Amino acid sequence: MKHTDIKILFNDSEKYLSKSVTVCGWVRTWRDSKSIAFIELNDGTALKNLQLVIEKDKIPENEVKPALVVGCALKAEGRFIPSERNGFELSVESITVLGGCPQDYPLQKKHHTLEFLRTIPHLRPRTKYFEAVFAVRNRLSFAIHKYFNKNGYKYVHTPIITGSDCEGAGEMFRVTTQPWNAGCKTEQEYFEGDFFGARAGLTVSGQLEGEMAAMGLGKIYTFGPTFRAEHSNTTRHAAEFWHIEPEVCFCDLNDIIEIAEDFIKFIINDVLENCPDELAYFNERIEKGLIDKLRHSIESGFGKITYTEAVEVLKKSGKEFKYPVEWGSDLQTEHEKYLTEEYFRKPVFVTDYPADIKSFYMKQNPDGKTVAATDLLVPGIGEIIGCSEREADLEKLKTAMLKRNMNLESYSEYIDTRKYGSVPHSGFGLGFERMLMYITGVQNIRDTLLFPRTVGSL
Ligand code: 4AD
Ligand code: MG
């Protein structure tokens, strides 16, 4: 269907001025009077609607009437002209309804609550809020690829179905074709009779395979879906999220921290430059001061503090935390929020966590207690990146795995990378939706995904 995107009309207005154009879209709102009708049309290409002006003496009533319906799909032809109130508008010469929309269309009002919109995920891309979220989501993905591409990383595609639990937290969804009543006597019999002849699940992280790829390709990144059967019913956890995981050889913890900071600043800057309308909308509607916050993140250096120092800071803060702060226990969201929102007031890397609360693959520090790992915490959210230098020493790695009762045989390929030409290397994982929340000010991860999957809700 030959037509012009509304975004192109606005961006290239000089070229189209006074010309005859055809546009397509959905009616967001309309107003009618005796001699003239107005329609706010949106086609999803621009956040701004195009106003259609219909002079009733030019177009028969029976053509106008069916178009004055919220939610219906239209094609309109007319002249693109300047307008005092809207910048530009379309003086309509003909109008065709492509798809009508009955009265039970749920998006009749101008504003709906986010809770209500979560009940209609199939329709919410037709609202301004979600149009803005998905525009930024799109640009952010592109910026991520751009960063790695310009810095010589190879994009690798790690498997979604896997046998190994990278994070070792037992949060893997199982993948099976066995009937629920397979009638097996033992677990072994059940899994041997399954599709892969072994227990399989959905990946919780592409890191282990990513490390194997990096060990030949030098610098890689993955960007794909990740699945976690976590029962955390919070505004920051989804059972299916998108995960960016670079892995870099010949790189220690300090090097990867520099890379992570450079990367985060680059992608924020790219979105600031390329999504001005969306960010202005979020700045006004969702988080006052959002744009200043993002600019400040780019301009200031990120903070850096060791876990041990952070525990001291929290203890001296005089704050009443729900969870007590003790060296050796994981930082809770409230602790992370204090550090980044009140103490540093900017993104901060917390480094050198106790080995016992972190994963097996992290490089053991000489103190025998901590690992060369860091989490990047940001105001409003807490952790967005989990990062570490990897344990490159074969014997130390095996000892850490045995200490966690891991079956070395099922990780034999991973272990081989330490046997054959092992090198210092590091990597991190960025939660894509959490990054999107930081950039847009969106408060709930359910409002960053097209069809969010969370515990108890498919
Ligand atoms: O800290 P995590 O568990 O680290 C890893 O998976 C490492 N293998 C990464 C690596 O070094 N390659 O997860 C990394 C990030 C978190 O910081 C968080 O942003 C995000 O993934 N994340 C989630 N996002 C949404 N919903 C969940 N359930 C998430 N779990 C982790
Ligand atoms: Mg983590």
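Predicted model: local features only at pLDDT ≥ 70, side-chain atom pairs only at ≥ 80, totals over all residues.
Let me begin with the lining of the largest cavity, which is made up of R228, E230, S232, N233, H237, A238, A239, R446, T454 and V455. Residues are numbered from 1 along each chain as its sequence is written, chains are lettered from A and ligands numbered from 1 in the order in which they are written, and side-chain values use heavy atoms, with hydrogens and water left out.

Back to the cavity, then. The term refers to a 1 Å grid over the protein atoms alone, where a cavity is a set of points at which a 1.4 Å probe fits but cannot get out, a pocket is an open set with protein on both sides within 12 Å along at least five of seven lines, and lining residues have an atom within 4 Å of a point. Grid points are joined across faces, edges and corners, and a volume is the space filled by probe spheres set on the points. How many cavities of 30 Å³ or more does this rule give? The count comes to one, and the largest cavity holds about 50 Å³ of space. Its lining divides into three nonpolar, four polar and three charged residues, where Ala, Val, Leu, Ile, Met, Phe, Trp, Tyr, Cys and Pro count as nonpolar, Asp, Glu, Lys and Arg as charged, and the others, Gly among them, as polar.

R124 sits in the loop between α4 and α5, and it counts as buried because its relative accessibility is 0%; buried here means under 20% relative accessible area, exposed over 50%, and partly exposed in between, with a 1.4 Å probe and protein chains only.

Which of the 24 residues around ligand 1 come nearest? They are E167, Q207, E230, E245 and E383, with near meaning that a heavy atom of the residue lies within 4 Å. A polar side-chain atom of E230 is 2.7 Å from a nitrogen atom of ligand 1, a polar side-chain atom of E245 is likewise 2.7 Å from a nitrogen atom of the ligand, and for S205 the distance from a side-chain N or O atom to a ligand nitrogen is 3.0 Å. Taken alone, ligand 1 exposes 630 Å², of which the protein buries 94%, the areas coming from the Shrake-Rupley method with a 1.4 Å probe. The shell divides into eight nonpolar, eight polar and eight charged residues, and β10 (240-249), β14 (382-389) and β15 (425-431) each supply at least two of its residues.

Next, the second largest pocket, which has a volume of about 1,100 Å³. It is lined by 47 residues, of which R28, K110, T127, K128 and Y129 are the closest to its centre. Among the elements giving two or more residues to this lining are β1 (20-32), α5 (128-150) and α9 (276-285), and β1 gives the most, with six. The lining divides into 19 nonpolar, 14 polar and 14 charged residues.

Turning to the backbone, most residues other than glycine have a negative phi. S18, although not a glycine, has a positive phi of about 70°, and it is found in the loop between α2 (13-16) and β1, where it is partly exposed at 44% relative accessible area. R345 is also not a glycine and has a positive phi of about 55°; it lies in the loop between α12 (333-343) and β12 (348-351), and it counts as exposed because its relative accessibility is 60%.

Finally, the chain as a whole has 15 helices and 15 strands, these being DSSP runs (H or I of at least four residues for helices, E of at least two for strands) numbered from the N terminus. Of its 458 residues, 50% count as buried, and its C-alpha atoms fill a box of roughly 85 × 60 × 45 Å along the principal axes.

Terms used: Polar contact = N/O pair within 3.5 Å; in protein donor to acceptor, adjacent residues only side chain to side chain.
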